[in-house]
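Hello,

Here is the structure I promised to pass on.

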Amino acid sequence: MLVEVPLVAVPLLHEGDIMEEKPIIDDIFKHIENGKLHGVKCICCGHMMFPPRKFCSHCGSSEVKEIELTGKGTVDIYTVIHVAPPFMKDCSPYMVGIVELDEGPRITGRLLMDNEEMVESGMRVALEPLKKSDKNVIAFKKEIKQ
Amino acid sequence: MKKIYMIGAGMTRFGRRKKETGRDLLMEAAEETLKSVDNGITLHEDVDGVWIGYFSSGLFEHQGHYGIIAADWLDIVPNPAWRTEIACASSSAAALTGFMTVRSGMADIALVGGVEKMTSLSTAEVTDVLSIAADDFFEVSAGITFPGLFALMAQAYFKKYNSTWEDMQSIPIKSHHNGKMNPKAQYQNEVLDMGNKLGKKKDMSFDDPMDFLKSSLNFTVAHPLRLFDCCPISDGAALVLLASEDVANIYTDTPVEITGVGNGTDNLSLHDRPEITSSRATIHASRMAYKMAGLEPSDIDFAEVHDCFSINEAIQMEDLGLIPRGEGIKAAVEERTSLDGDIPINPDGGLKSKGHPVGATGAGMLYELWKQLRGEAGKRQLSDAEIGLASNAGGSSASGCAFIARR
């Protein structure tokens, strides 16, 4: 018996694109430990995301592909934390900011400058591997132009 | 659709309640709730269900299952009871659950509210516990705290609207002025009085609140927010009785009608949101409530808003449509939000002065609507208050609830 298949718009896929295993949160931090930032790109609309979501935060598609991001971006806003939670007490005061990555996603990270005067909105930063209490932490240092 | 009324409400004093457990606080709020019902009520016969919000009692005091504790200790067993949780808006979620249950016809009377016992931990530990309302992997692990998230909002707000930390101080100064007239507030003192009290130990005295606020005593928590930009750590509980129109008049001749409710969400992480200086959760929740009530923001006589940090009072007023974008701080400077202003905000002192036992805060806001709309708010009573709005936020305003009530 012939089964009628409804005609729906299916985006063209390269073989294997969506068959790959999607990363789980543990994978993301393993990459960060190696100084790499992995995100996903939506195959349907091209939207770039970090962290790697399972569904596109722009068009809702589940067809996303893991990609490596440059880890470079620009500081948007930042704050200096003086009253720290117990696991960060030994670092206080320290700086945390929202960085806009060159590929688009925005990300919260430690800003590893020596003091507040060395941070400003609009400054260029790059991902820097950092461990705190055996946990991998998202952190940035000033970008060194090569 | 059935109309829903508040027929009673009770609240503990908020603050450091060293000896009491969360359960003691819930029972204290229940006693006042019982007394507040004009014609009396028998809880174990009349209440069809109990919904209790709390955020983190498991970590604060090693006790969960508070919905059932309330049902058990108030003798409402075997009727339904459960916990609701959306961080600092957990008791608003309880009120929403009660509202929906009564409106659906599954109950005539719902007991709703919340509790939080926070002062059993140190400030650093409380900071750590509260941070679980943010994204643990992609915000908290980088060392951000709740004061830190709202500090980022303040930085973005100051940049966008060219306003200043100095102007923002009108907000906590107003909150403490109102809280002075609220016998249930954690702090019942003007900012200047509190500054001089703190200064005494260090041989410092101040003639003007700004001198204190700019001093080293008002230390930085997360730049640009200082101590007096942050609400305190508090213990407390609050409860409200909701009844359907079929039975409300049995219990009181002066009920307070809840004419609109709403809830909304935004991205969990602040960095993912399209706007840092606005919450889609607050906007969505309030628009749902306005639509249900058939009202516009201009119809609101006064509002209870979620001033967990001073910047958020400005953002909330703007998201609720009570004040134009970018003018929240200006409105406080011009005293438009004071008790005798055109849109009084937080007549009870707000989270800043009244206190913020997170899981009880939403019900505490409804308690103030109940008091103001029945003309029972004492020294802080607003004249001609007919329609009030409560806006309660969860986390960094990733969730939000709104209620509109009228007498």
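Predicted model: local features only at pLDDT ≥ 70, side-chain atom pairs only at ≥ 80, totals over all residues.

**The interface**

Chain A brings 32 residues to the contact, and chain B brings 29 residues. Together the two chains bury about 2,600 Å², with carbon and sulfur atoms giving 66% of that area. On the chain A side, 22% of the area buried against chain B comes from I77(A), V83(A) and T108(A), more than from any other three residues.

Two salt bridges cross between chain A and chain B. In a salt bridge between D76(A) and K159(B), the side chains meet at 3.6 Å, N to O.

Which elements of chain A each supply at least two residues to the side that touches chain B? They are α1 (25-33), β4 (72-81), β5 (94-101) and β6 (106-111). Of these, β4(A) gives the most, with six residues. By class, that side of chain A has 21 nonpolar, five polar and six charged residues.

**A sheet in chain A**

Three strands of chain A make an open, antiparallel sheet in the order β2-β1-β3. Because β2 (48-49) and β3 (64-69) of chain A each have a single partner strand, they stand at the edges, and one side of each is left without a neighbour in the sheet. Strand β1 (residues 37-42) of chain A pairs with β3(A) over six bridges, in the antiparallel sense. Within that pairing, L37(A) lies opposite L69(A) of β3(A).

Best wishes

Note on methods
Residues numbered from 1 in each chain as written. Chains lettered and ligands numbered in written order. Heavy atoms only, no water. Contact = heavy atoms within 4.5 Å. Buried area = accessible area lost by both parts, 1.4 Å probe. Salt bridge = Lys/Arg side-chain N within 4 Å of Asp/Glu carboxyl O. Helix = DSSP H or I, 4+ residues; strand = E, 2+ residues; numbered from the N terminus. Nonpolar A, V, L, I, M, F, W, Y, C, P; charged D, E, K, R; others polar. Pairing = 2+ DSSP bridges.
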